Amino acid sequence: MHSKPIALVNICNPEDITVPPLSLLYLGHELKKEGYEVKIFHFKNTEIDLNIKKIIKLNPLYIGVSVFTGNKTKDSAIFSKKIKSLSDLTIVWGGIHPTLLPNQTLNEDYIDFIMHGEGELTIKEFTKEFNKSGKKTFSKILGLGYKDEKGKAIINPQSQRRENLTHLKIDWK
């Protein structure tokens, strides 16, 4: 087991709270296979402040936010800005929004990294590199966007789409 947990976040409208955050459950399972502790936060957009306190108290390695274009983008931005105003925690956005608009997304000062395209391999490679002590090299991680030393957005090529997804599992724990 690694030292710090990883927080994966899905913010939804109140009427969508019964729909499980499947993408985060898949990503969480991939990280757990690598020995990481994963905490999934699935909450209504009316509960942002309450969950910010819980996540900051957790002090995760980083916070991964699943972002769909539309209202969820606004809610995720509010959440991320508040996290950054209260802590120095790393924010990683993934999902359809950063996939469609990687440069625009990464140019926001409250977003440190993005994952675009399918994230199951990207999140494992990113977490391994991010958790490393010393100099970190993100340039070879497919599906990752990051900022260079000058704050310029660097978008790596997407990872190859997988045709067979039967190996992906959901960890409901």
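Tutor: Helices (H or I, at least four residues) and strands (E, at least two) are DSSP runs, numbered from the N terminus. This is a predicted model: local features need pLDDT of at least 70, side-chain atom pairs count only at pLDDT 80 or more, and totals for chains, interfaces and linings use all residues. Residues are numbered from 1 along each chain as its sequence is written, and side-chain values use heavy atoms, leaving out hydrogens and water.

Student: Which strand holds Asn10?

Tutor: Asn10 lies in strand S1, residues 6–12.

Student: Why is Asn10 called buried?

Tutor: Buried means under 20% relative accessible area, exposed over 50%, partly exposed in between (1.4 Å probe, protein chains only). Asn10 has 7% relative accessibility, so Asn10 counts as buried.

Student: Why is Val38 called buried?

Tutor: Val38, found in strand S2, has a relative accessible area of 11%, so Val38 is buried.

Student: What does Val38 touch, leaving aside neighbours within four places in sequence?

Tutor: Contact means heavy atoms within 4.5 Å. Val38 is in contact with Ile6, Leu8, Gly28, Leu31 and Lys32.

Student: How far apart are Val38 and Leu24 in space?

Tutor: They are 9.8 Å apart, C-alpha to C-alpha, and 14 residues apart in sequence.
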